[in-house]
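Thanks for coming, everyone. I have one model to show today, and I will keep it short. Let me put it on the screen.

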Amino acid sequence: MKRKLVYGACAAFALPALFQGKGLASPTVEAQADPTALPGAAPGDAQTFWDTLLKSPLLAPQNLPFLIGGAALVVVVLVTVLFVLRSRKKRNKANNKPASVTLAPAVGSAPSAKGAPSAVPVVGNLHNIGSYETQQDAFGISSLADPELLREKGVLAVLADGISGLPNGKEISQMAVRNMLRLFASTPAQKNGAATLLHLLEATNHAINEWYPAPRSAGTTMIAALLHRGEMHFVSVGDSRLCLVRGGAFIQMNRQHTYGAELDERAAGGSLSFDKAQSDPQRKAVTSFLGMGELKHVDRTLYPIALLPGDQVVLMTDGVYNTLSDEEILQSLSAGAVEGAAKLEQAVLQKHAPSQDNFTAVILQV
């Protein structure tokens with residue numbers, strides 16, 4: 001770039017000479033006896049430099065267009081150099097900016113959206129231990145206050161529920177949530193949301209299987225919803241639910257991986273009666289979960305789901321939907337994401353279920 005600057009400057013003063021022989025004047029300077037005398041000055045004259053320069057043949061009227069053109073070329077080169085340097089500085093600064101992620105202290109509460117752009121969803125959540133001694137549910141949401149993360153990748157909500165009957169439920173559910181959010185913030189965006197979620201799921205399941213290598217030594221369900229530029233993608237493993245509330249309708253979006261679902265399919269195929277399928281005591285058993293090794297089932301979006309203003313995306317564990325009906329859930333959520341989450345929690349508690357499971361929900365309202 002420096003060479004271009006030098007060439008531009010030389011061109012500004014070399015242009016007049018290039019037009020010799022084409023009817024254009026070229027400045028000439030007579031040889032001086034006194035090598036220290038200024039060009040064009042008679043011996044003994046006391047002219048100043050500027051007086052001499054103004055009388056120089058270099059500034060002859062017929063040469064002025066070429067001088068002006070050369071000067072303009074120098075200015076263009078300088079402006080180009082400054083623009084390139086400034087662009088490189090901005091790009092380097094952006095590339096060196098560290099990735100950020102906001103996690104709840106115990107992977108349990110949503111980060112604040114204070115100061116975030118208006119395009120981010122309104123977030124409500126509830127997280128209750130129920131009547132159990134330990135909390136095996138976990139959830140987390142990516143930063144709502146990072147404009148670059150929101151612009152480039154969007155908002156990721158993750159919910160996990162440790163499998164009952166398997167050890168380490170609390171630890172593995174929190175590990176799943178933390179790993180998903182960490183990778184979301186630190187890895188480059190994929191070509192689309194569906195690819196991003198599959199990448200995060202594969203990496204998280206691999207990490208869990210390495211940490212708990214013994215078969216079925218730990219397990220957790222996991223559901224993740226990615227909202228970006230007015231669209232949603234999701235991925236789910238296990239029996240946690242993802243629902244869309246739109247226009248007074250409560251729509252389940254994902255398919256649950258339970259033994260009951262498999263029994264229903266067999267009944268539909270004629271190999272089992274519907275009565276036996278519905279009465280099987282193992283209907284609620286989870287058939288696919290993180291930590292089982294190779295995942296048996298994965299449910300996900302193939303194409304983005306367009307979201308409308310006022311839509312609510314709801315992620316919830318079985319402690320919510322096993323206690324409340326769809327109508328009761330919908331009635332609570334009609335109050336909005338934040339107040340609706342509080343009403344949903346109260347609705348579960350008011351049931352006074354003697355063996356109330358951990359119950360957790362995340363509501364994202366666009």
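Ground rules first. This is a predicted model, so local features need pLDDT of at least 70 and side-chain atom pairs count only at pLDDT 80 or more, while totals for chains, interfaces and linings use all residues. Residues are numbered from 1 along each chain as its sequence is written, and side-chain values use heavy atoms, with hydrogens and water left out.

Overall make-up. The protein chain has 11 helices and 11 strands. Those are DSSP runs numbered from the N terminus: helices are H or I with at least four residues, strands are E with at least two. Of its 366 residues, 41% count as buried. Buried is under 20% relative accessible area, exposed is over 50%, and partly exposed is in between, with a 1.4 Å probe and protein chains only. Now contacts, meaning heavy atoms within 4.5 Å. Take those with a separation of 6 or more: residues 24 or more positions apart account for 71% of them.

Next, the cores. A nonpolar core here is a set of buried Ala, Val, Leu, Ile, Met, Phe, Trp, Tyr and Cys residues joined through side-chain atoms within 4.5 Å. The largest one has 26 residues. Which members touch the most others? Leu156, Val158, Met222 and Ala224. Two or more residues come from each of β3 (155–162), α5 (169–186), α6 (193–211), β4 (220–228) and β5 (231–237). The most come from α5, with seven residues. There is also a second, separate core of 22 residues, including Val123, Leu144, Ala225 and Met232.

Stay with leucine 156 for a moment. Leave aside neighbours within four places in sequence. Its contacts then include Met180, Leu181 and Phe184. Leu197 and Leu200 are also among them.

Now helix α6. It has 19 residues and reaches 27 Å from first C-alpha to last. That is close to the expected 27 Å, where the expected span is 1.5 Å times one less than the number of residues. At its start, a side-chain oxygen of asparagine 192 comes within 3.2 Å of the backbone nitrogen of alanine 194. Buried residues of α6 include Leu197, Leu200, Leu201 and Ile208.

With a relative accessible area of 35%, glutamine 190 is partly exposed. Not counting residues up to four places away, it touches Ala195, Thr196 and His199. Its C-alpha is 9.0 Å from that of lysine 153, 37 residues apart along the chain.

Next, aspartate 137, in strand β2 (residues 137–141). It is buried yet has no salt bridge. How far away is the nearest side chain of opposite charge? It is lysine 170, at 12 Å. For charge, Lys and Arg are positive, Asp and Glu negative, and His and the chain ends are not counted. What the aspartate 137 side chain does have is polar contacts. One goes to the side chain of threonine 317, at 3.1 Å. Another goes to the side chain of threonine 360, at 3.0 Å. A polar contact is a pair of N or O atoms within 3.5 Å; within protein, one must be able to donate a hydrogen and the other to accept it, and residues adjacent in sequence count only if both atoms are side-chain atoms.

Last, salt bridges: a side-chain nitrogen of Lys or Arg within 4 Å of a carboxyl oxygen of Asp or Glu. The count is eight. One joins aspartate 326 and arginine 241, at 3.9 Å, N to O. Aspartate 326 is in helix α10 (residues 326–333) and arginine 241 in strand β6 (residues 241–246), so the pair ties together parts 85 residues apart in sequence. Arginine 241 counts as buried because its relative accessibility is 16%. Aspartate 326, at 34%, is partly exposed.

Another joins arginine 283 and aspartate 264, with the closest N and O atoms 3.1 Å apart. Arginine 283 is in the loop between α8 (274–279) and β8, and aspartate 264 is in helix α7, 19 residues apart.

One more: arginine 255 and glutamate 265, at 1.5 Å, N to O. That is the list; over to you.
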